[in-house]
Amino acid sequence: MRIVIAEDSAILRQGLAELLGLRGHEVVAAVKNADDLRSAVREHGPDVSIVDIRMPPTHTDEGLRAAIDLRAEQPGCAILVFSQYVETTYAKQLLAGEAGAVGYLLKDRVAEVSDFLTALERVAAGETVLDPEVVRQLFATTGQAGPLAELTPREREILGLMAQGRSNSAIAAEAFLSAGSVEKYVTSIFGKLGLPPSDGHNRRVLAVLRYLDS
């Protein structure tokens with residue numbers, strides 16, 4: 001893959017570049033601020049970009065806002081947010097729409113390099129990949145009112161796994177359920193949320209996130 005890295009920490013930026021290079025990927029640009037990220041993506045058209053949230057000059061949400069701008073300009077522009085923080089308001093904007101090819105991982109929760117690389121490949125392939133903690137905080141900001149409140153605790157668990165991009169078979173393994181039980185839960189969830197069921201798990205994630213954004 002051809003990759004752009006946007007990370008203000010020089011050590012982490014260089015470390016990611018070396019790691020990806022060793023795995024056979026090409027880092028076409030490694031930048032430290034949001035403006036350079038915009039320029040690098042426009043110039044190189046990478047397969048995927050790895051973006052930190054907090055970068056100069058204010059170290060608040062520059063990276064995430066730049067990612068939103070790039071996806072508005074180039075629908076489907078693959079972005080993997082890689083941060084220590086969950087920024088729910090802008091995260092919902094980033095995850096909105098039907099383009100896919102977006103992810104949000106928390107640095108402190110990536111236990112294995114292989115997990116990070118797999119997530120990066122999935123995002124580049126057009127999937128949506130979310131850390132479970134990001135999903136939890138997105139749910140928390142939605143509140144308990146409306147159709148979400150009608151879900152049982154088990155259905156909320158299944159919905160969380162769906163929003164992480166899990167297939168029905170992966171959910172069955174994680175939740176210790178049969179494939180048939182998962183299918184029934186999924187059907188019930190979409191019925192309560194007023195969302196049409198879909199065989200494509202990436203479209204299901206996007207539907208769930210659109211519901212949360214509403």
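A crossing of two helices is called right-handed if the near helix is turned clockwise from the far one by less than a right angle, and left-handed if anticlockwise. Keep that in mind for the exercises below, which all use this predicted model.

**Exercise 1. Describe how α7 and α8 pack: what is their crossing angle, which handedness does the crossing have, and which residues make the contact?**

Solution. 
- Step 1: Two packed helices are described by the angle and the distance between their axes.
- Step 2: Here the axes of α7 (residues 153–163) and α8 (residues 168–175) come within 10 Å, crossing at roughly 130°.
- Step 3: Angles over 145 degrees count as roughly antiparallel and 65 to 115 as roughly perpendicular; α7 and α8 are therefore oblique to each other.
- Step 4: The crossing of α7 past α8 is right-handed.
- Step 5: From α7, the contact takes in Arg154, Glu157, Ile158, Leu161 and Met162, while α8 supplies Ile171, Glu174 and Ala175.
- Step 6: Sorted by class, that contact has five nonpolar and three charged residues, with no polar ones.

**Exercise 2. Decide for phenylalanine 176 and for phenylalanine 139: buried or exposed?**

Solution. 
- Step 1: The cut-offs are under 20% relative accessible area for buried and over 50% for exposed.
- Step 2: Phenylalanine 176 lies in the loop between α8 and α9 (179–193). Its relative accessible area is 76%, so phenylalanine 176 is exposed. Phenylalanine 176 also has a positive phi of about 55°, although not a glycine.
- Step 3: Phenylalanine 139 belongs to helix α6 (residues 132–142). With a relative accessibility of 9%, phenylalanine 139 counts as buried.
- Step 4: For a look across the fold, phenylalanine 139 and threonine 88 are 51 residues apart in sequence, and their C-alpha atoms are 9.6 Å apart.

Note on methods:
Residues are numbered from 1 along each chain as its sequence is written. This is a predicted model: local features need pLDDT of at least 70, side-chain atom pairs count only at pLDDT 80 or more; totals for chains, interfaces and linings use all residues. Side-chain values use heavy atoms; hydrogens and water are left out. Axes are lines fitted to C-alpha atoms, for helices over the stretch in contact, and angles run from 0 to 180 degrees between N-to-C directions. Helices (H or I, at least four residues) and strands (E, at least two) are DSSP runs, numbered from the N terminus. Angles under 35 degrees count as roughly parallel, over 145 as roughly antiparallel, 65 to 115 as roughly perpendicular and the rest as oblique. Contact means heavy atoms within 4.5 Å. Ala, Val, Leu, Ile, Met, Phe, Trp, Tyr, Cys and Pro count as nonpolar, Asp, Glu, Lys and Arg as charged, and the others, Gly among them, as polar. Buried means under 20% relative accessible area, exposed over 50%, partly exposed in between (1.4 Å probe, protein chains only).
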